[in-house]
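Have the structure open while you read.

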Protein chains: 2
Amino acid sequence: MKFYDCSTAPSPRRVRIFLAEKELNVPVVQVDLRNGEQLTETFRRINPQCEVPVLELDDGTIITETIAICRYLEDIHPLPPLLGVTAREKALIAMWDHKIEVEGFLAIAEAFRNRTAGFQERALAGPENYDQIPELVERGQRRAQRFFRTLDDQLAKNLYVAGDNFSMADISAFIAVDFSAWIKASPLIDHLHIKRWYETVAARPSLKA
Amino acid sequence: MKFYDCSTAPSPRRVRIFLAEKELNVPVVQVDLRNGEQLTETFRRINPQCEVPVLELDDGTIITETIAICRYLEDIHPLPPLLGVTAREKALIAMWDHKIEVEGFLAIAEAFRNRTAGFQERALAGPENYDQIPELVERGQRRAQRFFRTLDDQLAKNLYVAGDNFSMADISAFIAVDFSAWIKASPLIDHLHIKRWYETVAARPSLKA
């Protein structure tokens with residue numbers, strides 16, 4: 001296997017932590033997103049969508065999308081389980097991971113990429129250029145705030161994001177919290193339940209990955 | 001179990017077809033999205049995100065997000081498998097389903113909701129109102145076209161979206177194609193591989209669900 005990573009980007013960090021929790025070592029190829037390496041012809045042949053993370057299997061199969069990569073890793077190395085054990089638990093982890101991605105990550109990215117000078121024609125990740133749209137900065141901020149209220153409500157009632165056990169949903173939510181610092185919208189001051197949970201998760205050695 | 005559905009909306013249709021493929025009957029509650037039933041206090045108690053599909057388990061557990069609901073159904077009724085059998089196949093189905101959702105559904109919804117009169121303050125689904133942003137109509141169209149080129153390339157090399165077997169990825173992609181008619185961007189004229197595949201999938205009895 002080969003893991004296409006970028007040490008400064010939020011999504012591949014989810015895979016790095018997932019690998020660390022499983023104590024797996026996979027050869028890493030760094031992709032320099034800041035200098036546009038994802039847009040080169042060489043990388044487009046690996047992932048035409050011009051994004052990391054990517055997992056390349058030994059038979060050449062390319063797996064993109066964080067959740068799909070983690071699902072593959074969970075299947076080949078089931079322990080410790082990070083995607084759930086019972087049907088109910090698996091569903092709740094899948095649900096939260098998806099909510100975190102769509103309601104959290106996409107919102108933060110919207111606020112970030114539409115206002116940051118270095119992303120003037122790169123308001124969306126991917127193979128095509130899109131101009132910034134100033135109204136999306138505020139929209140992304142509002143969506144991110146809404147997401148963190150949802151997350152805080154959930155953590156008021158649960159030890160971890162998807163229930164009693166640490167899971168992929170915690171990895172994703174933790175990185176969404178860190179990513180929110182990029183838009184100066186960290187929930188760690190106003191949301192006490194997120195703060196309590198964040199400190200617990202931050203203490204895990206895997207979070208340094 | 002109880003399934004909160006809306007017969008006119010694209011996402012719950014994915015669950016209906018999934019249930020039909022498994023020959024499962026689950027009691028259905030229709031939620032009238034056109035008249036804003038998803039925004040009522042009653043429905044917010046079921047799903048604060050104000051969206052369908054929702055699956056309610058007998059113990060009261062609420063599962064939202066199409067992929068999480070289908071994952072639960074696959075776990076409790078594994079046959080026929082719609083989320084894959086081998087680790088590789090499961091990963092590719094998860095990957096394509098996620099791509100279809102983010103690159104396909106979200107793009108089409110962006111073009112549709114930002115231009116349609118009935119959605120003036122409802123440019124995003126969910127609990128909060130967001131004004132339409134005219135620039136997003138063209139952006140959504142461009143993203144949708146890009147997605148259909150990706151899908152056509154994939155179907156040029158594969159019988160079904162994620163490989164040799166019919167799966168959840170076909171259900172999602174089929175409904176993305178149907179949804180694209182709402183923005184007059186159907187790929188069925190220009191994309192011959194999509195057309196060939198669409199006709200095969202359309203012949204399945206489950207597609208009438």
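A salt bridge here is a side-chain nitrogen of Lys or Arg within 4 Å of a carboxyl oxygen of Asp or Glu. Keep in mind that this is a predicted model. With that rule, the structure holds 30 salt bridges over all chains. One of them sits inside chain A, where the side chains of Glu101(A) and Arg14(A) meet with N and O 3.0 Å apart. Glu101(A) belongs to helix H4 of chain A and Arg14(A) to helix H1 (residues 10-21) of chain A, so this pair ties together parts that are 87 residues apart in sequence.

**Where the chains meet**

What does the rule find across the interface of chain A and chain B? There are ten salt bridges there. Among them is the one between Arg149(A) and Glu128(B), with the closest N and O atoms 2.9 Å apart.

Which elements of chain A give two or more residues to the side that touches chain B? They are strand E4 (62-64), helix H3 (66-76), helix H4 (87-113) and helix H5 (135-157) of chain A. H4(A) brings the largest share, at twelve residues. Sorted by class, the side of chain A that touches chain B has 19 nonpolar, five polar and 16 charged residues.

As for the extent of the contact, chain A puts in 40 residues and chain B puts in 40 residues. The area buried between the two chains is about 3900 Å², and carbon and sulfur atoms give 58% of that.

**How the copies are related**

**Rings**

Over all chains the count of aromatic pairs comes to 22. Take Phe105(B) and Phe179(B): their ring centres are 5.9 Å apart and their planes are at 35°, so the pair is tilted. Phe105(B) lies in helix H4 (residues 87-113) of chain B and Phe179(B) in helix H6 (residues 168-180) of chain B, so the pair ties together parts that are 74 residues apart in sequence.

| Cis peptide bond | Omega |
|---|---|
| Leu79(A) to Pro80(A) | near -10° |
| Val52(B) to Pro53(B) | about 5° |

Where do these prolines sit? Pro80(A) is in the loop between H3 and H4 of chain A, while Pro53(B) is in the loop between helix H2 (41-46) and strand E3 (54-56) of chain B. That loop between H2 and E3 of chain B holds Cys50(B) too. Phi of Cys50(B) is near 60°, a positive value in a residue other than glycine.

Methods: Residues are numbered from 1 along each chain as its sequence is written. Chains are lettered from A and ligands numbered from 1 in the order in which they are written. This is a predicted model: local features need pLDDT of at least 70, side-chain atom pairs count only at pLDDT 80 or more; totals for chains, interfaces and linings use all residues. Side-chain values use heavy atoms; hydrogens and water are left out. Contact means heavy atoms within 4.5 Å. Buried area is the accessible area (1.4 Å probe) that two parts lose on being put together, summed over both. Helices (H or I, at least four residues) and strands (E, at least two) are DSSP runs, numbered from the N terminus. Ala, Val, Leu, Ile, Met, Phe, Trp, Tyr, Cys and Pro count as nonpolar, Asp, Glu, Lys and Arg as charged, and the others, Gly among them, as polar. Rings of Phe, Tyr and Trp (its six-membered ring) pair if their centres lie within 6.5 Å; planes under 30 degrees apart count as stacked, over 60 as edge-to-face and the rest as tilted.
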